[in-house]
Structure formats: structure tokens, C-alpha cells
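Take a look at the model below.

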Amino acid sequence: MLRALIFDVDGTLADTERDGHRVAFNHAFADAGLDWRWDVARYGELLRVTGGRERLLHFMESGSASVPIAERDALARRLHARKTEHYLRMVDEGAMQLRPGIARLLSEAHAAGLRLAIATTTSRANIDALLAHALPPGAFSWFAVIGAAEDAPRKKPDPQVYEFVLEELQLEPGDCLAIEDSAAGLQAAAAAGLRTVVTVNDYTRDQDFSGALTVLSDFGERDAPACVLAGASAGSGLVGVAQLRAWHAFR
Ligand code: XBP
Ligand code: MG
């Protein structure tokens, strides 16, 4: 029986990558006097590496920047800390909004007595800022458990953050549903034994989502219904708790 929804953050609750994290990384590069710039397409490739600090290290290791090996780790940490400051400022300025249908789904799920949780690769500070600015007033307390980078150093597709959240919720994976936007997120949830509904964005729509219960364009708003892209009978509409319960129970 479905008892909890576990949401990914970046790309799922909000489209934070292209106009949020990417821009914040570029500000951090400029602050450090580096001529590195991650354009929209390049950032899409780099997103295959989950975790901002890990992404920076990968960029340096791939030969795209000449940084001596001994200096890479410290530089990645410094740049990542600065990037987080920029990201928090941008969220604070209202730059990040929830994706279509998310606010409606969260209030519906809360009203229906489902427990809500978060399982993300990003840091606790980034989540707190996003939830404080983008959620309806009072909705922050609806989340029973928040699993972040600090709770799970092994990033998705490793299942560690989902295992942490399940442990904190004291629920079996079969009683929960993960909501993800990426193949790495889906793999992490599946490896923790969770069924998953995927909601795609421009960076992830061509990824391999085999194993997902359903792949959606988004959750839909009254004037812009969601499309089912794969995995369940095709159609469009508003995706809410009743629909999620039905998909969760299907197999
Ligand atoms: C997505 C990520 C994160 C963000 C940047 O996280 O991989 O690394 O791109 O955030 P999720 P940080 O989809 O699991 O929410 O720089 O804080 O890592
Ligand atoms: Mg994501």
C-alpha cells in the first residue's frame, strides 16, 4: 500500500539545473578569475556526473582545464562552496520556481495522509532555501524526512540516499514511491527497491527510463495538462494522488 512519496529535488521539484546551478558555477569560475564557462549543452553532458563537487573534479580530470592533480580537490571544494553561495542568493531572489503540478501534488498528498520525503544529491542548505522560497507557506513541515548530500556521500546512482530516507521513514520500499527526473535517480531508487515515476525535463527527456512505472512530461496544471510519455496508457491530464496510487499498485 502506498504510504509515502519520496521526491528528488533538482529537475524534479524545480528546474534548477540550467538557469540555477549552471549559472552559479559560472559565477564561481568568474570570481576565481578562471575563464571556464559551462554553456547549456556542455552542462548537459557534465550532468551525467552527479554532485556538483564531483562534476568539477570530473571536468578537471577530463583534460578540459589544466589544473595540477595535487590542487584539484582543494580547488573543487573552493569553487563548489562559492557556487553554493551564488545558488543560495539566486534562490533567495526568487529565481527558482516549482515545476508544473508539484505544489498541487504536494498539497493533495499531504491532505490524503501520505508521508512526504526528499532524497537528493544536493546539499541541505540548497534544499532548505528552495523549499522556503518556492513552497506554499507552511508546507516545509509536510516533509517528514529530508535526505541530502550530507546524509549520503555516495551520490546517485548509488542508492545510499534512498536507503537513508527509507530507514528514517521506517517504511519498506514497497510502501513508497520515488519521483525522479533522471536515469541516475531512477537507478538509485530502483537499487533501493523503490518503484519510480519519472517526470522529465529538457536535460533528461532522452535518457533511458526502462524500469520506471511511468514517464511523464510533468504533473500538469489545469491549463497545461501532463502527458504520459511512456510506461502507462498514453494520455494527458492532471496527475494526482489517485493516479499515483493506481500506478504504484499496478504490478
Ligand atoms: C542533482 C545533482 C546536483 C546538482 C547540483 O541532484 O546532481 O549535483 O546538479 O547540486 P538531485 P550540488 O537531482 O539528486 O536533486 O552542487 O549541491 O551538488
Ligand atoms: Mg534530479
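**Charges, fold and loops**

The protein carries 26 positive and 34 negative charges, and their mean positions are 0 Å apart. Lys and Arg count as positive, Asp and Glu as negative; His and the chain ends are not counted. Each charge is placed at NZ of Lys, CZ of Arg, CG of Asp or CD of Glu.

This is a predicted model: local features need pLDDT of at least 70, side-chain atom pairs count only at pLDDT 80 or more, and totals for chains, interfaces and linings use all residues. Residues are numbered from 1 along each chain as its sequence is written, chains are lettered from A and ligands numbered from 1 in the order in which they are written, and side-chain values use heavy atoms, with hydrogens and water left out.

Start with the overall form. The secondary structure comes to 9 helices and 8 strands. These are DSSP runs numbered from the N terminus: H or I over at least four residues for helices, E over at least two for strands. Along the principal axes, the C-alpha atoms fill a box of roughly 55 × 35 × 35 Å. The radius of gyration is 18 Å, which agrees with the value near 18 Å for a compact globule of 251 residues. That radius is taken over C-alpha atoms, and the globule rule is 2.2 Å times the number of residues to the power 0.38.

Of the 251 residues, 53% are buried. Buried means under 20% relative accessible area, exposed over 50%, and partly exposed in between (1.4 Å probe, protein chains only). Among contacts with a separation of 6 or more, 61% link residues 24 or more positions apart. A contact means heavy atoms within 4.5 Å.

Now go inside. The largest nonpolar core has 42 residues, and L5, F7, V197, F219 and L244 touch the most other members. Helix α6 (residues 124-134) gives the largest share of this core, 5 residues. Such a core is a set of buried Ala, Val, Leu, Ile, Met, Phe, Trp, Tyr and Cys residues joined through side-chain atoms within 4.5 Å. Beyond its neighbours within four places in sequence, F7 has contacts that include L13, I102, L116 and I179. Another core lies apart, with 18 residues, among them I6, V161, V165 and A188.

The loops come next. A14 sits between β1 (4-7) and α1 (17-31). Is A14 buried or exposed? A14 is buried, with a relative accessible area of 0%. Its C-alpha atom is 8.6 Å from that of L130, 116 residues away along the chain. A14 also touches V9, Q97, L98 and R99, among others.

T121 lies in the loop between β2 (115-119) and α6. Its relative accessibility is 17%, so T121 counts as buried. Leaving out residues up to four places away, T121 touches T50, G51, A149, K155 and K156.

A cis peptide bond joins K156 and P157, with omega about 15°. P157 is in the loop between β3 (143-147) and α7 (160-169). Q170 is not a glycine, yet has a positive phi of about 60°. Q170 is exposed, at 63% relative accessible area.

G220 is in the loop between β6 (214-216) and β7 (226-230). G220 is buried, at 0%. Its contacts beyond four places in sequence include P100, G101, R104 and G237.
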